[in-house]
Amino acid sequence: MLGLPPTAAAPAGPVDDPLTAPDAARAVGAVLEEIVQARLRESRAVDPVSARDLSERLAALVARGGKRLRTAFAFCGWRAAGGSGDTGPVLRTGAALELLQACALVHDDVMDGSLRRRGAPALHVQLARAHRASGMRGSAESFGTSAAVLAGDLALAWADDLLTETALGTPHGPRLHREWRAMRTEMVAGQYRDLHAQAARTSGADEALDIATLKSALYTVARPLALGAALAGADDRTTDALRAAGRCAGLAFQLRDDLLGAFGDPALTGKPADDDLRSRKPTYLLATARRLADAAGDHRAAAVLTTDAEPPPEHPDHAVERIRAALRRTGAVEVVETKIGELAAASLRHFASCGARPAVRREFAALVERASGVVPRRAEEVA
């Protein structure tokens, strides 16, 4: 078990911390490197084969980074609640969030059949290729899928171990662990609702928002903010305000991700830009487009967008382009953009009610802009 740094008690009154949320997002990389290297040593001591095939691939995925938004939001929640002094516990909590994110990505890629992640082949694809290259028996795809599930489980174990160690080293450990436990359950519920919606061929806008809240908004922003606040010993009023701010900002983030999933540049996002469209994943974007098409009597767009339709196998790219055209023609893109802006603005209003200092409010506004892709309105609230 890694040694834990002592947790300093927060001094009375507001104290400006030299580390900002963007600094924390960068600093967590070094913390992650230390933790992952320790876990790799443990894995190699247990079994060199699984360490080579699973642990090392998982470590590479973590090292390729990502936005580190969850760490930044956790740090922002800590500072909003008056946290200052020793940043070790909040950075380690951020590292646990990044490992949990790795678990979610690996499992999500398996369930969605995604081929790339963070600019490289998805783990299940890598493992299937390794199966073929080694001349192993059986189905390479089945092997890759099964092995990737285990790699995701390993990431979850590393995340849980780290969060537990951190909780044991802070006087606010029980509150920290309660937030973490709730977040894990929400993640699983959201992922299942996503699978259920696709299998049941349901695509209502309200259901899409419920899924986006459970699957992404809570664990991307709301719970990280609350985890940081827990480490600072925040009261219920502050924590509730942060959760409300995080829920809105997290939904804005997911709706932006839906747009990127339909129109984004894979060279910039590190993942395909048409998987959601090929499968007609029941996102809020697609549900909105269908509603608008029905309201306008645009039967051609409705037929293209329906979740019951299957893209012609001989021309899958043509089908994707027809869906994109229908999304634009119905006005769904503009409606979702407006919704993102409204959610981003609401998140700032909620955050302002927690009583955070102006510098912290500006940091939060910058994070919301980064996550949502829009400059939130009511900038005066973070002046």
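User: How many disulfides does the structure hold?
Analyst: In this predicted model, a disulfide would need a pair of cysteine sulfur atoms within 2.5 Å. For Cys76, the nearest cysteine sulfur is that of Cys354, 8.5 Å away, and Cys76 is in no disulfide. The number of disulfides in the structure is zero.

User: Is Cys76 buried or exposed?
Analyst: A residue counts as buried when its relative accessible area is under 20%. The value for Cys76 is 0%, so Cys76 is buried.

User: Is Cys248 buried or exposed?
Analyst: The cut-off for buried is again under 20% relative accessible area. Cys248 has 14% relative accessibility and therefore counts as buried.

User: How far apart are the end C-alpha atoms of helix H1?
Analyst: H1 covers residues 21-46, which is 26 residues. At 1.5 Å a residue, H1 should span 38 Å. The distance in the model agrees with this: 37 Å.

User: Which helices do the buried residues of H1 pack against?
Analyst: The buried residues of H1 include Val28, Val31, Leu32, Ile35 and Arg39. Residues three or four places apart in an α-helix point the same way, because there are 3.6 residues a turn. The buried residues of H1 pack against H2, H3, H4, H6 and H16.

User: Which residue just after H7 takes a positive phi?
Analyst: Helix H7 spans residues 173-200. Just after H7, a positive phi of about 60° is taken by Arg201.

Key: Residues are numbered from 1 along each chain as its sequence is written. This is a predicted model: local features need pLDDT of at least 70, side-chain atom pairs count only at pLDDT 80 or more; totals for chains, interfaces and linings use all residues. Side-chain values use heavy atoms; hydrogens and water are left out. Helices (H or I, at least four residues) and strands (E, at least two) are DSSP runs, numbered from the N terminus. The expected span of a helix is 1.5 Å times one less than its number of residues. Buried means under 20% relative accessible area, exposed over 50%, partly exposed in between (1.4 Å probe, protein chains only). Contact means heavy atoms within 4.5 Å.
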